[in-house]
Amino acid sequence: MEQNVKFLPTRSKSLLQSDDLHQYILETSVYPREPELLKELRHITAGLPRARMATAPDAAQLIAMLLELVNAKKTIEVGVFTGYSLLLTALTIPEDGKITAIDINRETFEIGLPIIKKAGVADKINFIESEALPVLDQLLQNHENEGSFDFAFVDADKVNYWSYHERLMKLLKVGGIVVYDNTLWSGTVAMPDELVPEFWKPGRQFTIEFNKLLAADPRVQISHASIGDGIAICKRLY
């Protein structure tokens, strides 16, 4: 590596080394296009103790474009929090689109639920309060679900990312897309271990291993985007 990696403080969801440049992108290209109800949910979420768990708005903007590019109608979301990316997806897919949304914490989902209802898209969402693996396994028990989903977004426990991936490779149609969040782990994936704060180390190691497996997976075409906290975009090839 030719230059030292700069570790960014946790105040920002962006990996950009210039906060001013990140703010420029948000104010020029993201916020002016952000639907008002998404903006409302983002502001509510920002006041919560774990606000950093929310999907970065610039990453969400890219996700919305991907949803439209694959004409997504049937989607899966693993990890919901207050529902920013969930609302984004519900606003983007067609009127008869459906989202299977999975999270172990219904309380945080219900923070955003009034805004989702205000947007008139709650009927598109099937929220399941559960760990994700049992739900994905249950979906696979019905063979009609195999290859039937157009899109998936994963932003949950990093230790299970590869287990999610294996199941999503069966649930997604060929040509479908899955996006994994936090795949650059605040930039620590490229830092020497001795410089990584202890708090970040467990997730960092899982993320490094997942990225290696993903890069070697011939079933997917990948693009690793340094947006938000890093997102890995995977298109199922076969």
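Begin with the largest pocket, which holds about 880 Å³ of space. A pocket here is an open set of points on a 1 Å grid over the protein atoms alone, with protein on both sides within 12 Å along at least five of seven lines, and lining residues have an atom within 4 Å of a point. Grid points are joined across faces, edges and corners, and a volume is the space filled by probe spheres set on the points. This is a predicted model, in which local features need pLDDT of at least 70 and side-chain atom pairs count only at pLDDT 80 or more, while totals for chains, interfaces and linings use all residues. Residues are numbered from 1 along each chain as its sequence is written, and side-chain values use heavy atoms, with hydrogens and water left out.

Select M53, D155, A156, D157 and K158: of the 37 residues lining the largest pocket, these lie nearest its centre. Then colour β1 (74-78), α4 (84-92), β2 (98-103) and α6 (132-141), the elements that each give two or more residues to this lining. Helices (H or I, at least four residues) and strands (E, at least two) are DSSP runs, numbered from the N terminus. The most comes from α6, with three residues. By class, the lining of the largest pocket has 17 nonpolar, ten polar and ten charged residues. Nonpolar covers Ala, Val, Leu, Ile, Met, Phe, Trp, Tyr, Cys and Pro; charged covers Asp, Glu, Lys and Arg; the others, Gly among them, are polar.

Next, the cavities. A cavity is a set of grid points where a 1.4 Å probe fits but cannot get out, and the model has two of 30 Å³ or more.

Axes are lines fitted to C-alpha atoms, for helices over the stretch in contact, and angles run from 0 to 180 degrees between N-to-C directions. Angles under 35 degrees count as roughly parallel, over 145 as roughly antiparallel, 65 to 115 as roughly perpendicular and the rest as oblique. Show Y161, W162 and H165 of α7 against F210, L213 and L214 of α8 to see the contact, where contact means heavy atoms within 4.5 Å. This contact of α7 with α8 has five nonpolar, one polar and no charged residues.

Now select helix α2 (residues 36-46) with α4; their axes come within 10 Å and cross at roughly 175°. That makes α2 roughly antiparallel to α4. L37, L38, L41 and R42 of α2 meet Y84, L87, L88 and L91 of α4.

Last, take helix α1 (residues 19-30) and helix α3 (residues 57-69), whose axes come within 10 Å and cross at roughly 45°. The two helices α1 and α3 are therefore oblique. To see where they touch, show H22, L26, S29 and V30 in α1 with P57, D58 and Q61 in α3.
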